[in-house]
Structure formats: structure tokens, C-alpha cells
Amino acid sequence: MERNVSQPRAKGPGLSLTIKEAIIRVLQEEHCGMTIEQIYYKIIANGWYSFGAKKPQNVIRVEIDRACENTNYTVRAAKDYFRFERNPKGEKVYFLLSSTQDNKSTPANNVACSEVAEPEQVDYKTIVIWNDSIKRSFQIWMESMNYSPATIRNYYNAIERTFHNFKSILNIAVNETSTEHEAVGKFVELLFHDREFIETNRTGHNMYSAAFKAYKRFIYKDITDDSSGEKAVSNNGLKDIVDLEEGKKGLSDILGTHFLTLNGYSNIGILWSASQNSLSMFLNDNGINSENDLWHFLVRAFKNDYVFNSPHIWQNQPDYPQTSKGLIINLARQHNGIVTREQIDNFFSQIKLTSLNNSLVLDKDQLIFHDKAKFMLIETLEPNSYRCSLIAKALKTLFSTEETPYIILRDIKTSWFSSLPGLPNGLQWTPLLLQEILRIRPGIGYKVIFPSLKKQALDTVGAAVVPAKSRFNTFADVVHQFCFCEYKLPCKLYAEELRTKLREVGMIEGNELIWNMHKALKDYRFAFSDQNLTVMILEK
């Protein structure tokens, strides 16, 4: 997964070139060392590049110094192409690095504008973004970042499979970039727009997205710090930026618009998209060719103005976590503590970030389900010890009144929910909200029984509530107790007949378990036969 990358060369007059390509062509054709001024006039004379900057010679100086030996320019290119010497006037005279390796002993005043051999092909850097060494380092890095062993295994396997199955996308990425960091960014960008990849990994989309996000953090770690992704450069790293103040003003204006419409928020993706339209000349003149380049510039140029945590940008210090999860928390606050799945997905579509799946939204219990496809901020509910004790008391009363070992959640009357602690903003209790509270506050003393099937939606209402110390611990326990009271055991039923009965009493809903009764009731008391179409229910 590597290639040899060589700098493209112009092949005919009038051909549109980049600044670097134009500089290289001048030095190739002149066969001598040249000053910045000489290089500039040669480019203009041949029409190889049209400068939009007020000080075009500064643009050339920046482009050369970024890729020049023995310069202290901070935002360096991936490969050095140039070297310099000083002439008798003390001016810097620049050479192509490959064309002068054998002439370093020649004084600069003799080398300048004297014939030298045609430059040889530069041995450019080999791009490698996934090999055995990187695999081991990636695993070690994930361990150091406290990823769980299961997550490490899942992320590693997902990335390994992707590189193996989508080599054509990898080839495009490395052939269109010149550094490892650019290649990784390009690969991920192409991958998540590829129809085959999206379709193949539809069910695991969020896991793949999280895996490659971790992989990008690992790859970029050598150019970013742990907290904000700020490039480790000195404070004087802006001195060579062309039209600095104009560029900063343009970016500030774009961010100001985002902050106004997104409640003080922006991110590098939407900023990069907007800046390509309105600040293309500034970006081009300063070699800012990717989101990554723009991010490095931002965190230096606006270090004391905004809050950065890659890829996020805030106008002020947010009072919520500086993560995508934090954005959902803030979104819920704007909607009185409730946010729907649709609102989350629409917001993330607006800011052009991958939306979090339900599992990630529920992570750390800062948000819980209020109802199907609807989340509530836990801070809105305030499930403190006093309120939890009121819930426990109401459930105890319910069990005493019903005189039953289990309570079917969907069968609880609406009037009973009024005995629970009140909710703010006119919100009402639901069976799913009660289920969530019992999940995150086991000290209340009751638990919910589920069919416990893999890939079951997280906002599925469970079958029944039982006391924490109940003898009923599984779905099969509850269903067998129901059958014991409903039928004369042992008895034989069609599996669909039993499923329909459970649906009628509220233990399940809709098409739930329609082909999976034998999996949900994997218990010796339920003997399925005839290709799982019938079931013998034993007495004991």
C-alpha cells in the first residue's frame, strides 16, 4: 500500500501550472541559481502562473522556503526541492536541489547563471499508510488512549478489511496526494462517498466511521497535540503568510456567519467548503490545499480568539463536552431538554459531520430515551436519590395492587405515571422513560426483562418489569409464567400463535420476534420443532 510519488512537470507553453511547478520549471530551463525577483519575472514572461496577491514575490519566497534545505520555515512541505547559497551581494540564490548536489563546492557567484547538467529525477518520498509496522503502532496507540480491547479489535479488523477490499480507492488516494497525511484524508473522504462501501457496510456504518476517525487521529498525531489538534509550531509561524490580515478577516467573516446560524459553532469541514469559494486566492497563494492545512493555519492565527478541538470550532468556551456528543447535548438544551433522532440527523447533515448512532448518543448516560426515536437530557430529569425513592415507592404500590410477579410495561395505565415525580416543560412519563431510569439507576430495586436478541433496537420497550431480586431473570422465565396461567401445560402451539398472544398482552409489539421466537425462548421449557414453526411448552 505504497507508491513512489514524483512531482508533475509542465510539458508545453501556456499550460496551467501550480506555483511550485512554475518555479521548478524556471530553474530547470535556466540551469542556474536565481534570486526570487529573477524567478518571478521569468514566470510572468512565460505566462506560467497568474498571481493574485499584492506581493507576488512573497508568494514565491513562501513556496520555495517551505521546500528548501536549511530554512527555518515552520509549515514545511513534505519534501525539499530547493537549496540556496548567497551571492556577493548577500542575496539568496536558489537552485533545484537535485541539480546541484554535485556542485556544492562551487561558489555561488560562479554557479549563478552558469550552465549545469540537466537535473536528474528527484527520488521522491514513498507513501505508506498501512503496513505491519503501522498496524502494530495503531494498536499500541489505541491502548494508550484507553480504548477497550473489544473496540481495538473491532476498529483494527474494520480498517484491515477496508484496505484489503477497496484497493482501487487506496490507489486513487495515494496517486492524488503527496504526503501520508493527505493520502489518509483523501482515502477516507473517497471511501465514505463510495456507493459500494456504503452499501456493503450499511449496518456497521457508524462503527466504520468511528474506526477511521480513530485511525486519522493516530496518523495525524505527529503533527497535532492531544487536545486541540494544533500543530506544534512556534509563535512566529505566521510571518511568511501572504495577505495575512485579509485572509484572517475573510475567515472571521465566514465563521461569524456560522456562529450566528449554528449557535456559536462551526467546524473545519464547512469552513473549508465556504473558504474555497470566497478565499480561493488566499488559500492558493499560501499553499493551503486541504482541510488539514487550513486547520493548522487556524489554530495559529486564531489561537486566542476561538476554541478548537478538531474538527470543531466554537466562538466561546462551550458549557458542554467539546465533542459531537456535546453538540447533541446542546441541541437538546435548545429544545427544552428533548431532541429527536430526526433533529439530530438533520443537524449533523447541516454541519456535514457523521451523525452519531443511538448507542453513541446514549453513551455515558448523559442522554436517555424519552420515547421511541426521542432523547431526553438526564439533567432535565434530575434522577437524584429522593426522586428515585419516589419511583421505587410507586412501583412497590403497583406490584402490591396488581398482585403479580411481573408488570408488563406497555400495560401500565397512563394514570399510574402521574404518581411518579413530575417532569419539567410539560413533559410526560412514558414506559420507555421508566425503562431507561431503571437501567441507569439499578438502586431503585427493579429491572426490565428483554428478549435479549442481538441487533434489537435500543428504543424497544422491554417485556416486563420485575423486582431486582425476583426469580424471573430471563424473557423465557416471564413467558413461561404467562403460559402457566394462560394454558394447561404441557401444550403444543404454533410459534406464531404464541407470538400473537404475547403481542396482544403487550410483551412485544408489531412484528417483533416474528422469525425469532425460537431464539428469544432458547430454554428447555420451550421445545421448538417443525423448522421452529411449532413449540411444545413444558410444565416445568
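Predicted model: local features only at pLDDT ≥ 70, side-chain atom pairs only at ≥ 80, totals over all residues.
## Helix α1, a mostly covered helix

A residue is called buried here when its relative accessible area is under 20%. Of the 12 residues in α1, 10 are buried: Ile19, Lys20, Glu21, Ala22, Ile23, Ile24, Arg25, Val26, Leu27 and Gln28. Their packing partners are the helices α2 (36-46), α3 (56-66) and α13 (280-285), along with the strands β2 (82-86) and β3 (92-96).

Why does the length of α1 fit a helix? Its 12 residues (19-30) should span 16 Å at 1.5 Å a residue, and the end C-alpha atoms lie 17 Å apart, so the two values agree. Just past the helix comes His31, whose phi is positive, at about 55°.

## A sheet of three strands

Further along, you can find an open sheet built from three strands in the order β13-β15-β14, with antiparallel pairing. Its edges are β13 (491-494) and β14 (526-529), each of which pairs on one side only. On average, neighbouring strands in this sheet are turned by 25° against each other, direction ignored.

In general, strands of a sheet pair through backbone hydrogen bonds.

## The helix on the sheet

Which helix packs on this sheet? That is α23 (residues 495-505), which touches β13, β14 and β15. The direction of α23 makes about 85° with that of β13.

Note on methods:
Residues numbered from 1 in each chain as written. Heavy atoms only, no water. Helix = DSSP H or I, 4+ residues; strand = E, 2+ residues; numbered from the N terminus. Expected span 1.5 Å × (residues − 1). Buried < 20%, exposed > 50% of the residue type's maximum accessible area, 1.4 Å probe, protein only. Contact = heavy atoms within 4.5 Å. Pairing = 2+ DSSP bridges. Axes fitted to C-alpha atoms, helices over the stretch in contact; angles between N-to-C directions.
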